[in-house]
Amino acid sequence: MSDGYLEFSNSYFGKKLCKGLGLPVPPLLRRANQTPEQTVTDILVSNVQSATTTAILSALNDTNVHQADNLSAKYNGLIFDATTITTTTALKSLYQFFNLNLKQLNPNGKIAVIGLTAQATVSTEHTIVQRSLQGFVKSLAKEVGRKGITANLLLASGSESNSIAGPLRFLMSDRCAYVNAQVISVSQHQIENKLTWQQPLAGKVALVTGAARGIGAAIAQVLARDGATVIGLDTPASQQQLQQTMDNIKGSSLPLSVTDSDAGQQIAQFVKDNNQQLDIIVHNAGVTRDKMLSRMNDSQWELLMDVNLTSILRINQYLLNNNIIAQAGRIIGVSSISGIGGNAGQTNYATSKAGVIGMIEQMAPILAPKQITINAVAPGFIETEMTAAVPFIPRQLGRRLCSLSQGGLPQDVAETIAFLASPYSQGVSANLIRVCGQNIMGA
Ligand code: NAD
C-alpha cells in the first residue's frame with residue numbers, strides 16, 4: 001500500500017500546504033537501485049591518528065574521501081573515529097566535529113561514528129566514554145532524520161580494525177536508507193584477500209522462507225541481484241505467487257509449510273537433489289494473529305508460535321546437525337520491533353519475535369567455530385500486505401512515529417539482510433539490526 005501523505009506532502013502544492021499548516025513533510029528517501037553504487041561519494045572523515053582511521057580510509061579507497069575541514073564543501077557522508085576517545089573531556093572532539101560540519105551534509109547523507117566494544121577498551125573511563133557514544137548517535141539521528149539522513153554507530157573490537165570495512169561501506173551506502181540509530185558490533189576476523197563489492201553473493205545458495213510476497217519476495221530479489229542462487233520457500237497455498245517471484249529471478253520454488261515436522265529434511269533433500277550446499281538461510285516466514293490476551297484463543301497462540309519460532313528452531317537444528325549449512329554460512333532471522341518494545345494485542349507475536357532475538361544471542365557462540373554467523377533484523381513499520389491490514393489510525397501512527405516520518409519498504413529490510421548474508425559481514429554475529437527508521441517503539 002502506498003503512503004498517500006508522503007506523496008502528497010512532497011508534491012508542489014502539498015509541500016506548500018503542509019508547511020503553511022506546520023505539518024511535517026517526510027523526506028523522500030534515496031534507495032539503492034538495481035546496480036547499487038556501494039557507497040556515497042564525498043565523505044568527510046575526522047582527522048585522527050589511529051589504526052582505525054587508516055582502516056576507514058582504506059575501506060573507502062574507491063570513493064572521494066576528504067580529511068581536512070572545508071567549510072564551503074558539501075558532503076554526502078560524515079565519519080567520526082571515536083576509538084581514541086578515552087576520557088569524558090575528550091568527548092568534546094565528537095561534539096566539535098559534528099557542530100562544525102553537520103550543515104555541510106546533503107539530504108539523504110550518511111553518518112557513521114566508529115567506537116569500540118567494551119572488550120576492546122583499556123580503562124574504566126574508556127569503557128564508560130565508549131558507551132556514551134550511543135546516546136550521542138541516537139540523539140543525532142533524531143535531529144537529522146527529517147532530512148532523510150541516517151546516523152549509526154559501528155563498534156570495532158580492536159585497534160587493528162580492517163574488519164569494519166564491510167559494515168562501514170554498508171552504512172555509507174543507500175542500502176541503509178531506513179537503518180537509523182543502530183549499533184553494530186564487529187569482531188576481529190580474517191579478511192578474505194579480495195572482497196567483491198559488486199555481486200558479493202556470486203556462487204552462494206540462499207534459501208528464503210515466506211518468499212512468495214512482501215518482505216520475503218524482496219529479500220529473494222535483492223539476494224539474486226547480489227549474485228546468489230535463490231530457493232524460495234512458501235506454503236503450498238501460495239505456490240503460484242511463489243513460482244512467479246522465483247521465475248523473475250531464475251530461482252527455484254519449494255512449496256511447503258515451515259511448520260511441517262519434516263521441513264528440515266525436505267529442505268536438505270531439495271538442496272542435495274540440486275547438487276547444492278546451503279550458504280544462507282533467511283527465516284522470514286511469519287504471521288500475525290493480533291488479539292488482546294484475554295480474548296486470545298489457543299489456536300491464535302499455537303499457530304503463531306509454531307510458524308514464527310518453533311519451526312525456525314526445528315529447521316536450524318536439522319540443518320546444522322546434518323551439516324547442510326556450509327562453513328562460513330549465514331543464518332538470518334526476521335524479528336520485529338514488537339519483539340523489542342512489546343505491543344498491546346501482540347503478546348503472541350512479540351513473544352515469538354523476542355524468541356528470535358534469544359536464538360541469535362544463544363546460538364552465535366556455538367556456531368562461531370564453523371564461522372557461521374547468526375543475526376536478525378527487526379523491521380519497524382514496513383509497507384506490505386501485513387501492514388495494509390492494520391486499521392487506518394494505527395497504520396498512520398506506525399508510519400509517522402519514527403525519525404524518518406514514514407514506513408519502510410520491503411527493499412529496506414532486504415538490503416540489510418543482503419549485507420548480513422555477504423562475506424563482508426563476517427565479523428558481525430549475534431547482532432540485531434532494526435530496520436525501522438528509528439521508530440519510537442522499544443527505542
Ligand atoms: P506477509 O504476510 O506479506 O508475507 C509473509 C509470507 O510468509 C507469506 O508469503 C506467507 O505465505 C508466508 N508464510 C506464512 N506462513 C508460512 C508457513 N507456515 N510456511 C511457509 N511460509 C509461510 O508478511 P511480511 O510483511 O512480508 O512479513 C515478513 C516477515 O517480516 C514476517 O516474519 C513478519 O513478522 C516480519 N515483520 C514484518 C513487518 C511489517 O511491517 N510488514 C514488521 C516487522 C516484522
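Biologist: Which exposed residues does the face of α8 turned away from its buried side carry?

Modeller: In this predicted model, that face carries Gln240 and Asn248.

Biologist: How do you know that the buried residues of α8 line one face of the helix?

Modeller: The buried residues of α8 (residues 239-248) are Leu242, Thr245 and Met246. Seen down the helix axis, they fall within an arc of 95 degrees, so they line one face. These residues pack against α7 (214-225), β8 (229-234) and β9 (252-255).

Biologist: Why is Arg169 called buried?

Modeller: Its relative accessible area is 3%, and buried means under 20%; Arg169 therefore qualifies.

Biologist: What makes the contact of Arg169 with Asp62 a salt bridge?

Modeller: The closest N and O atoms are 3.0 Å apart, and the criterion is within 4 Å, so the pair meets it.

Biologist: Why is Glu385 called partly exposed?

Modeller: Glu385 has a relative accessible area of 49%. Exposed requires over 50% and buried under 20%, so Glu385 falls in between. Its side chain meets that of Arg213 in a salt bridge, at 3.0 Å from N to O.

Biologist: How do you know that the largest nonpolar core lies between domain 2 and domain 3?

Modeller: That core has 62 residues. Domain 2 (31-186) and domain 3 (205-435) both give residues to the core, so it lies between them.

Notes: Residues are numbered from 1 along each chain as its sequence is written. This is a predicted model: local features need pLDDT of at least 70, side-chain atom pairs count only at pLDDT 80 or more; totals for chains, interfaces and linings use all residues. Side-chain values use heavy atoms; hydrogens and water are left out. Buried means under 20% relative accessible area, exposed over 50%, partly exposed in between (1.4 Å probe, protein chains only). Helices (H or I, at least four residues) and strands (E, at least two) are DSSP runs, numbered from the N terminus. The arc is that of the directions from the helix axis to the C-beta atoms. Contact means heavy atoms within 4.5 Å. A nonpolar core is a set of buried Ala, Val, Leu, Ile, Met, Phe, Trp, Tyr and Cys residues joined through side-chain atoms within 4.5 Å. Domain bounds come from an automatic or database domain assignment.
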